[in-house]
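Please consult the sequence and structure shown here. The briefing that follows is grouped by topic.

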Amino acid sequence: MSPGRHRIRTNVRAAGAAAAAGVLAVAAGGYFGYRQLASPGCSGQIELAVAVASELAPAVDTAATEWENEGAVVGGTCIEVNVTASDPVEVAATVAAKHGAVLAGVGQASGTAISPDVWVPDSSAWLLRLKTGGATAFDPGNRASIAYSPVVVGVPEPIATQLGWPESKLTWSGLVGQVNNSKPIKAGTVNPTRDAAGLSGLLALSAAAGAGENGQAATVGALRALSTNSANLRQELLAKFPTSPDSTSVARGLGAAALSEEDVLSYNARKPAVPLVPLYLEPAAMPLDYPYAVLPGIEPAKASAAQMLFEVLATASFKDRLAPLSLRAPDGTWGAGFGAPQGAPSPEVGGASTEQPGSGDAAGAVDPVAVDRAVASWSIATQSGRMLCVIDVSGSMKGSVAGAGGASRQQVTLDAARRGLSLFDDSWQIGLWEFSTNLGSGRDYRRLVEIGPLSNQRSRLEQALTQIQPTRGDTGLFDTVLAAYEAVQEEWDPGQVNSIVLFTDGKNDDDNGISQQQLLAELERIKDAERPVQVVLIGIGADVSKAELESITKVTGGGSFVTEDPTKIGDIFLKAIALRKPGA
């Protein structure tokens, strides 16, 4: 490409889906066009790579082009802005690979997305997930919002009318009831591990379901109902809505899904036979906030250019560029030409909060624990696997846990296991062992329930969990890990992720068992790339040796998670299971 020109490229996968829907009429791999810089006197050129969520990319491109034509210069050097319309999940995978993060459900980078200098995903949740997913050094600059779209529930108009629209106001709690009742709405979602609007809807549903056993049951019911009509791409989900107004088509089609306001407006702009009504449920779900993230590690000149581009995108005139794309300004207001649907909230009429993320760090409004829990719960509830759960019953598990109402480490661990069990559907195969030292027949472990389908033995597992009690023994970790690995490997199932999840609150403490060196050597000898077994070790309390656990998972694959706060092990358990790798 010659100096002084730039291009907008489009991610092949994102553009293909958008073009098919008529939303973004750009051929895969094509250019939006070439522009000539208007400052021939510049010395040199700075190329700024900007990856933008596809629906927002045209507005950023137009603003950048105008800025260049007026003379985009920093320190006497011309600025060339290359804007790429990109699917946020593809960029997230690329950035995760670069920074050593693992994001549940995202998978490996496909190679179709770039690692940009500036990234504008559709949600700050992506930045948060990268940080909590292991990219500890990932600290992008700026992060202020440049656009905004509320997350709504898109409902075919005939169904919305049945629900009392536009007179009645539906809440998320009411939607949970509609999804879980005897004649449920056929609700669906874009995979929330790969889509920000889907994640927002799942967070809102989970919060509405509440805590406790009833809340857990309601959440699980909603997860399974949504998974029946889920899709990995937004356009795939939109295609599930009814295509004819006749009652049969409406009844068979999708009845509700969490989408962005922009999704619904763009869908309706194509004049479908059955338009969608955007329902603005209360309390408001986490919106799409389009953070302007300057990724770490770029050179100072590019960082300066990135800040200058942000200032262009923060002007009042940019609001009017957003409006034709059915997007709002960061404060929730809209520009000229925005087709506000019936019931759409706006700060201008007091209908929406003006405290939007555009005034600061957008990621600060997102609860990382809630996001991790939602993503993990979805992954577990919608995927099957084969798992052996192994629980420490050594004497130290009797110790009480501060902040857990007097509950012991054993009780907190068992509660986490029971809650996790309720998420697994009947397609899972689960087994249960306990371990300490000298539990009979010269072994440090006891087989309570052999690995088998939950459809046949859920009640046996639940009963076995209620009977687990701490012993007076020590921690026979090494012997137990080896025996568990051999057992799972022996009946390895090629159609499942085969794994071991072991909870412990101590280091190996068994004078009569194998040594660490012997364990690692034997695991190295018997592991088989054709029959992988993933080992997940969850350490509880200050007496656990993280180095000891990591030495094991370095050989077997999997991962180790250590917390000094046993009350957190429930969320750690969910996260650990969600991060299982296919083929392991």
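**Sheet and flanking helices**

Strand E16 (residues 429-435) and E17 run antiparallel and are joined by 6 bridges; two strands pair if DSSP finds at least two bridges between them. Helices (H or I, at least four residues) and strands (E, at least two) are DSSP runs, numbered from the N terminus. This is a predicted model, in which local features need pLDDT of at least 70, side-chain atom pairs count only at pLDDT 80 or more, and totals for chains, interfaces and linings use all residues. Residues are numbered from 1 along each chain as its sequence is written, and side-chain values use heavy atoms, leaving out hydrogens and water.

*Sheet*
- Gln429 has Pro453 of E17 as its bridge partner.
- The open sheet comprises 6 strands in the order E17-E16-E15-E18-E19-E20, with mixed pairing.
- Strand E17 (445-453) and strand E20 (558-563) are at the edges with a single partner strand each, so one side of each lacks a neighbour in the sheet.

*Helices on the sheet*
- Helix H15 (residues 409-423) packs on the sheet and touches E15, E18 and E19 (contact: heavy atoms within 4.5 Å).
- Helix H16 (residues 454-467) lies across E15, E16 and E17.

*Helix H12*
- In H12, the residues Lys302, Ala305, Ala306, Leu309, Phe310 and Leu313 are buried (under 20% relative accessible area, 1.4 Å probe, protein chains only).
- These residues lie on the same side of H12, because they cover an arc of only 145° around the axis (taken from the directions from the helix axis to the C-beta atoms).

*Confidence*
- The chain averages a pLDDT of 85 (the predictor's confidence in each residue, from 0 to 100).

How values were computed:
Buried < 20%, exposed > 50% of the residue type's maximum accessible area, 1.4 Å probe, protein only. Axes fitted to C-alpha atoms, helices over the stretch in contact; angles between N-to-C directions.
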